[in-house]
Amino acid sequence: MNLTLQKIKSVLRSVRFQKYARRIAFFVVGCISLLLIACGGLSIYFNQNKTEIVAKINAKINENINGKFHVGDFQYKFLIGFPNFTLALKEVELKDNNWGSHQHTLLKAREIEARLNIWSLLQNEINIKKIYLNDAQIYIYKAENGYSNADIFKPKNKKSLENSEKETTILNEITLNHVHFTLDNRLGHKLFDFDIDRLESKIAFKNDNWQTDLHLKTSITSLAFNTKLGSFAQQKKLEGIFKVAFLSKKQLINVTTQNLKIGTDRFDIIAFFNVGKNNSLFGININTHILWRNAANLLSQNINSQLNRFDLKKEIAVNCDIKGDLNSKGDPKIVVHAEIRNNTLSIPDGHITDCSFSGFFTNNFKPKEGFNDANSAIIISRFSGKFKNIPVTVPQVVISNLNKPIATGTAKSDFDIQNLNEMSNDKWIHFSNGHATANLKFQFDIVDLYITKPRFIGNIDVKNVSFLYIPKNVHAENINVQLNFTEKALFIDKITYKHNKNIIFIDGKIDDFLNLYYDAPEKMVANWNIYAPYIDLKQFLGILASTQKNKVAKKRTNNTTLSEQLRTTIEKCMVAINIKADKITYNKLTATNTKANIRMIDSQLFIKNGSLQTSGGSITFNSVVAPIGKNYSFSSNAQVNKVAIASFLRSFNNFGIQSFSPNNIQGKLSSQANIKGFISSKGELITNSMQGKLSFTVHQGALQNFEPIVKIGKFAFPFRDVNNITFSDLSGNLDVHGEQIRVNDLTISSNILNFDIDGIYSFGRGTNLALTIPLRNSKNDAQLPTKAERDAVRDRGIILHLLAVDDDGKIKIKWGKKEK
């Protein structure tokens with residue numbers, strides 16, 4: 001290392017090196033001196049010929065414009081741009097002759113730096129090689145009548161071939177720094193507005209054609225092809241290199257760019273623009289890989305506002321083709337292709353995973369109906385994905401008319417029912433088993449991105465479903481369902497419901513199902529035909545369980561999920577049921593051959609034309625059952641025809657009567673009842689809640705070991721068999737008021753004695769019954785052939801008046817008449 005340094009020092013100190021160093025220094029100083037002398041000479045030349053140069057520049061410009069060109073000052077820039085002559089124009093304005101009517105200045109610049117060819121200048125010619133435009137505003141305006149302030153430039157005169165051979169280049173380089181550019185086309189409703197940070201262009205001419213690589217860094221304020229619909233890429237940064245070529249004969253500009261940066265994404269673009277007087281067609285083709293949200297934010301507001309309701313997690317491949325006429329008032333033709341593979345799609349109701357499809361958009365769906373939203377369509381092909389683990393395939397769907405969107409297509413799915421559990425945010429239903437397949441053709445309107453007026457044709461098959469309906473605590477097992485959608489109704493076939501010992505077979509239909517499902521679920525009527533070999537009625541009371549919260553109508557909002565909408569529909573819709581059951585049990589009641597028409601509205605049961613056979617007789621009834629808190633209110637109008645009294649009373653736990661048991665009484669009961677009251681959540685009758693009227697007649701009746709009568713008989717009829725009483729007439733009218741029953745005209749004609757009862761009987765406290773008892777022996781009255789004869793002898797002889805009153809919870813018999 002030291003040896004090398006010594007050699008270098010030796011060379012530097014040599015006479016020969018110092019000789020050449022001096023010559024090089026003289027040469028450099030000489031060049032600099034010549035440069036300074038030349039620039040100084042140019043400065044002197046400019047100052048001496050400033051007036052003439054300025055006049056020539058003005059003349060050169062005015063030769064080519066129809067307007068006014070104003071320059072605040074001219075300056076020569078010493079040493080800048082050598083060997084060219086650099087001239088700076090300060091405070092430049094360029095206006096067309098009609099500026100006073102539209103007030104839009106074509107060009108306003110703080111400085112325009114022009115570099116002129118020295119040799120042309122010395123020959124009294126102006127040949128501008130380069131232009132630098134600094135801190136400027138360019139405003140190209142086109143009025144509704146087609147007039148443009150850019151028409152300020154005069155057309156070139158054709159030159160002879162001889163002159164064209166001698167022609168020199170006028171301009172071959174342009175640079176813009178901090179330039180605001182606006183193209184305001186009122187005729188075509190277009191507005192292009194850019195803040196250009198920097199633009200550099202070196203132009204290569206060939207005859208009248210030219211080409212350039214344009215380096216651009218700008219911000220997009222507006223890129224509106226239709227100002228009524230908003231701007232593309234608004235407030236986005238744009239940076240890249242454009243390869244631009246102008247073909248004079250075709251009056252055509254071609255533009256290509258690769259990796260053009262718009263915002264944070266990069267694009268490959270190929271474009272053309274016709275700039276002829278009678279031809280302003282243009283075309284732009286854009287190719288990129290981009291995130292959905294980024295792509296949506298590059299589009300105009302009318303499209304962006306819709307697309308932002310959706311999202312795709314990973315980048316998608318997009319190709320966009322835009323073609324139109326810069327002078328046209330309508331939209332350009334827009335065609336977009338997109339490929340989505342193994343992505344996650346976000347929609348208002350959730351996420352679709354493993355999503356793949358091909359997307360196509362056009363605003364010219366029907367070629368002869370123009371480029372507009374009404375003639376726009378989105379076509380989705382080969383769609384597949386999983387919505388909350390439910391696989392969905394859609395071969396094709398077409399969404400047409402984006403003003404009033406209509407979607408048509410087909411959809412298929414094949415999945416385990418347990419996957420539906422993920423669709424319930426509030427966990428109102430839980431599936432534990434089952435499988436479903438669906439094959440549907442659909443058409444529906446889309447309003448604010450939600451489905452309305454849907455029309456489905458096809459079927460859904462569900463097999464071996466088991467679930468828990470949590471709000472009602474209802475378990476269902478091994479259900480099979482077949483749904484057939486037609487244009488007018490939903491047909492439900494082959495439903496088999498099994499729960500414990502209950503087996504139910506169901507079929508039915510719902511007219512106008514899908515329209516009402518979204519628009520008016522409270523108007524929906526589900527018509528069911530139900531057949532059951534066996535039903536335990538108490539197990540089904542839980543289906544009616546309700547709370548006040550369920551009764552509050554929930555208004556559908558844009559955030560309502562599919563699960564919430566389904567639950568709302570189930571709770572609001574009306575259900576009309578024609579039911580037939582071979583055997584029904586309720587507590588100890590067993591009924592056969594049961595039939596009824598039932599309507600379920602707002603968790604209420606309206607039962608009409610009900611009939612059943614029980615206890616050797618029959619019952620017909622109309623009833624209403626509704627949930628009230630934890631209990632159920634009921635009102636019933638029933639006719640009982642010759643049922644066995646003992647069996648009937650056992651079925652209803654003797655209606656809470658403690659003074660006798662069903663073992664005390666025999667006979668056939670016929671009754672007319674209009675009763676209301678409450679049933680507990682366990683299905684038990686709350687006896688003290690009953691209100692209403694009851695009339696009854698007992699046929700072939702008998703009363704055995706009835707304690708109140710036995711007590712009377714011990715001292716009043718010691719020689720009569722009061723333990724075994726048979727009745728030729730047992731009838732009455734009762735008013736039921738909770739615990740108390742108002743007994744009106746209770747008539748008893750028996751083999752022991754006849755008596756009438758009037759007053760109050762209470763299941764609790766407050767019994768006060770007046771008994772009117774003829775003492776004559778009525779044993780043979782039943783042998784009289786007519787009722788009139790029996791009535792004629794009924795009250796003969798001594799009549800006994802007794803009172804049966806409450807005495808500390810027990811019935812006490814005493815002499816007396818009831819006070820009026």
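Predicted model: local features only at pLDDT ≥ 70, side-chain atom pairs only at ≥ 80, totals over all residues.
Trainee: Which residues have the most contacts inside the largest nonpolar core?
Mentor: The largest nonpolar core has 162 residues. Strand β19, residues 429-447, gives the most to this core, with 8 residues. The residues with the most contacts inside the core are L133 and W528.

Trainee: How many helices and strands does the secondary structure of the chain come to?
Mentor: Let us step back to the whole chain, which has 820 residues, 42% of them buried. Among contacts between residues at least 6 apart in sequence, 52% join residues at least 24 apart. As for the secondary structure, the chain comes to 13 helices and 37 strands.

Trainee: What percentage of the accessible surface of the chain belongs to carbon and sulfur atoms?
Mentor: The accessible surface of the chain comes to about 45000 Å². The part of this surface that belongs to carbon and sulfur atoms is 55%.

Trainee: Which residues form a nonpolar patch on the surface with about 240 Å² of accessible area together?
Mentor: Start with a residue in strand β23, residues 502-511: I503 lies there. I503 has 31% relative accessibility, so I503 counts as partly exposed. The nonpolar patch is formed by I503, F505 and Y531.

Trainee: Is T218 buried or exposed?
Mentor: T218 is found in strand β7, which covers residues 209-224. Leaving out residues up to four places away in sequence, T218 touches F194, D195, I196, D197, K236, K237 and L238. The relative accessibility of T218 is 5%, and buried means under 20%, so T218 counts as buried.

Trainee: Which residue's backbone nitrogen lies 3.5 Å from a polar atom of the side chain of T218?
Mentor: Look back at the residues that T218 touches, which include D195, I196 and D197. The backbone nitrogen that lies 3.5 Å from a polar atom of the T218 side chain belongs to I196.

Trainee: How far is the backbone oxygen of R266 from a polar atom of the side chain of T288?
Mentor: T288 sits in strand β11, residues 281-290, and T288 is buried because its relative accessible area is 7%. Apart from neighbours within four places in sequence, T288 is in contact with R266, F267, I316, A317 and V318. The C-alpha atoms of T288 and A317 are separated by 6.0 Å, although these residues are 29 residues apart along the chain. For the backbone oxygen of R266 and a polar atom of the T288 side chain, the distance is 2.7 Å.

Trainee: Is N207 buried or exposed?
Mentor: N207 is found in the loop between β6 (190-206) and β7. Most residues other than glycine have a negative phi. N207 is not a glycine, yet its phi is positive, at about 55 degrees. The relative accessible area of N207 is 73%, so N207 is exposed.

Trainee: And is A233 buried or exposed?
Mentor: A233 has its place in the loop between β7 and β8 (236-247). A233 has a positive phi of about 50 degrees, although A233 is not a glycine. Its relative accessible area is 6%, so A233 is buried.

Trainee: How many residues apart are E173 and K130?
Mentor: The structure holds 12 salt bridges, and E173 forms one with K130, the closest N and O atoms being 3.5 Å apart. E173 has a relative accessible area of 13%, so E173 is buried, whereas K130, at 23% relative accessibility, counts as partly exposed. E173 is in strand β5 (residues 173-185) and K130 in strand β4 (residues 128-142), and this pair links distant parts of the chain, 43 residues apart.

Trainee: With which residue does R742 form a salt bridge?
Mentor: R742 lies in strand β33 (residues 740-750) and its partner in strand β34 (residues 754-762), so the pair ties together parts that are 16 residues apart in sequence. R742, at 24% relative accessibility, counts as partly exposed. The closest N and O atoms are 3.4 Å apart, and the partner of R742 is D758.

Note on methods:
Residues numbered from 1 in each chain as written. Heavy atoms only, no water. Helix = DSSP H or I, 4+ residues; strand = E, 2+ residues; numbered from the N terminus. Buried < 20%, exposed > 50% of the residue type's maximum accessible area, 1.4 Å probe, protein only. Polar contact = N/O pair within 3.5 Å; in protein donor to acceptor, adjacent residues only side chain to side chain. Contact = heavy atoms within 4.5 Å. Patch = residues over 30% accessible without salt bridge, like charges linked within 9 Å, V, L, I, M, F, W, Y side chains within 5 Å. Areas by Shrake-Rupley, 256 points an atom, 1.4 Å probe, with all protein chains shown as cover. Salt bridge = Lys/Arg side-chain N within 4 Å of Asp/Glu carboxyl O. Core = buried A, V, L, I, M, F, W, Y, C linked by side-chain atoms within 4.5 Å.
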